[in-house]
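Here is a short briefing to read with the model open beside you. Take the topics in any order you like.

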Amino acid sequence: MDNLSATERLEALGRILPPRARVAIVPHDYPDPDALASAGGLHLMLERRFGVHSRIVYSGAVERAENREMVRHFRYRLWDLAALRPARRRVPAVVVDVRPGTGKVTLPDWMRPIAVVDHHPDPGGGRRGPALEWSDVRPSVGACTSIVYDLMAAAGLTPPTWLAACMVYAIETETMDFTRGGSALDRAAYLALLPQASLRLLGLIKHAPLPAAYFSLLQQAIANARLYGRVAWSHLPEVPHADIVPEIADRLARLERVSHAFCTAFHRDQLLVSIRSNRRNAACGALIRAAVGLRGSAGGHDRLAAAAIPVPGLDAPARQELLESVRSALLRRMERRTRGIKRAPDMRSRPLAAGAAGLTAESASRSEPPAGRAQETPSP
Ligand SMILES: [Mn+2]
């Protein structure tokens with residue numbers, strides 16, 4: 001389906017959509033703005049262009065304050081899969097911003113994936129999902145929302161102002177305001193959607209009120225952050241929601257002179273990892289897959305990627321051992337990649353924040369001698 005125009009793709013989609021059945025639109029678990037806005041655009045398109053009713057069904061939670069604000073203004077209902085009764089007949093599903101079989105989207109037995117819209121590179125590692133009847137996968141596009149915009153535009157559809165605002169926000173966050181790449185299609189989608197968007201809603205999302213717990217997690221993450229030359233790492237022993245992990249990685253990646261950042265955290269029965277790079281061709285997705293291996297699901301893009309490693313039943317020492325192994329596997333690979341930069345990093349670590357881990361401002365500004373493993377692990 002690679003060389004088809006958006007119009008041809010639309011026609012092909014029309015041929016595989018069941019005429020009367022209700023369709024599920026399924027974004028990846030713990031949907032982010034890109035996944036939600038893409039799902040919203042598809043919901044509108046199925047209805048208006050094909051007369052097909054759909055339900056957006058997600059798993060996991062939406063916790064980041066900005067994302068919750070976006071959901072608050074969503075006019076299409078978002079159905080929590082856990083609260084749905086299984087359908088008696090299998091429901092055709094359109095999977096969005098993820099591919100089935102990657103471990104990043106929950107599809108119950110009673111759903112039958114028929115189509116996918118995604119922009120993630122091939123997951124690789126034998127994690128190829130089932131062949132679908134229709135797919136629109138464009139890894140060169142920065143935001144999945146831009147692909148949905150392309151299809152909507154080919155269908156002659158203009159989103160309502162609230163949805164346009166969500167789509168604009170999705171493209172901004174996914175491309176980090178076009179600093180993290182962004183193709184010609186992303187720019188075209190962004191510039192076309194912006195005049196159609198409720199700018200007030202866009203502002204409300206960006207300036208969403210933050211809960212007090214956010215600040216205490218941020219404080220903890222900064223206190224635990226350590227620098228290894230141009231690599232920054234922080235760990236949170238236990239987080240109440242998954243969304244804080246990529247947020248911390250984003251923050252750390254903005255530290256001057258840092259080229260790679262990652263955050264690790266235990267969340268329920270999983271070790272979560274988010275990595276970021278501000279360098280081109282950082283291949284974060286491949287890097288994290290190599291570091292995590294078969295221990296969990298991992299993947300992502302050039303400059304950002306994430307992994308989730310199941311740890312059910314692991315006691316505290318075993319969890320610590322796993323964390324240490326993942327941390328050193330990531331550091332090793334990042335260190336190799338930052339070697340090309342002037343002033344190659346030494347792998348000695350130092351705390352990010354003066355006064356953190358009981359150090360004074362003066363000793364924190366010096367590099368420590370090579371530290372043992374125990375010392376490199378931040379105290380809780
Ligand atoms: Mn996406």
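Pro312 is exposed, because it has 7 other C-beta atoms within 10 Å; a residue counts as exposed at 12 or fewer such atoms, buried at 20 or more and partly exposed in between, with C-beta atoms placed from the backbone. This is a predicted model, in which local features need pLDDT of at least 70 and side-chain atom pairs count only at pLDDT 80 or more, while totals for chains, interfaces and linings use all residues. Residues are numbered from 1 along each chain as its sequence is written.

**Two loop residues**
- Pro312 sits in the loop between β12 (304-310) and α11 (316-337); helices (H or I, at least four residues) and strands (E, at least two) are DSSP runs, numbered from the N terminus.
- Gln270 is 42 residues from Pro312 in sequence, yet their C-alpha atoms are 7.3 Å apart.
- Leu84 belongs to the loop between β3 (78-80) and β4 (91-96).
- Leu84 is partly exposed, because 14 other C-beta atoms lie within 10 Å.
- Beyond its neighbours within four places in sequence, Leu84 is in contact with Val57 and Trp79, where contact means C-beta atoms, placed from the backbone, within 7 Å.

**The six-stranded sheet**
- Six strands form an open sheet in the order β3-β2-β1-β4-β5-β6, with parallel pairing; two strands pair if DSSP finds at least two bridges between them.
- At the edges are β3 and β6 (134-137), each of which pairs on one side only.
- On average, neighbouring strands of this sheet are turned by 35 degrees against each other, direction ignored.
- Strands β1 (residues 23-27) and β2 (residues 54-58) run parallel and are joined by three bridges.
- Val23 is found opposite Ser54 in β2.
- Helix α1 (residues 6-16) packs on the sheet and touches β5 (111-118) and β6, its direction making about 150 degrees with that of β6; axes are lines fitted to C-alpha atoms, for helices over the stretch in contact, and angles run from 0 to 180 degrees between N-to-C directions.
- Helix α2 lies across β1, β2, β4 and β5, at about 160 degrees to β1.

**Helix α2 against helix α5**
- The axes of α2 (residues 33-50) and α5 (residues 161-174) come within 8 Å and cross at roughly 145 degrees.
- From α2, Pro33, Asp34, Leu36, Ala37, Gly40, Gly41 and Leu44 meet Leu163, Cys166, Met167, Tyr169, Ala170, Thr173 and Glu174 of α5.
- The residues of this contact divide into nine nonpolar, three polar and two charged; Ala, Val, Leu, Ile, Met, Phe, Trp, Tyr, Cys and Pro count as nonpolar, Asp, Glu, Lys and Arg as charged, and the others, Gly among them, as polar.

**Helix α10 against helix α11**
- The axes of α10 (residues 284-292) and α11 come within 9 Å and cross at roughly 140 degrees.
- α10 and α11 are therefore oblique to each other; angles under 35 degrees count as roughly parallel, over 145 as roughly antiparallel, 65 to 115 as roughly perpendicular and the rest as oblique.
- Leu287, Ala290, Ala291 and Val292 of α10 make the contact with Val326, Ala329, Leu330 and Arg333 of α11.
- Seven residues of this contact are nonpolar, none is polar and one is charged.

**Helix α4**
- Nine of the 11 residues of α4 (residues 144-154) are buried, so the helix is mostly covered.
- The buried residues of α4 include Cys144, Ile147, Tyr149 and Met152.
- Gly156 follows α4 and has a positive phi, near 75 degrees.

How values were computed:
Contact = placed C-beta atoms within 7 Å.
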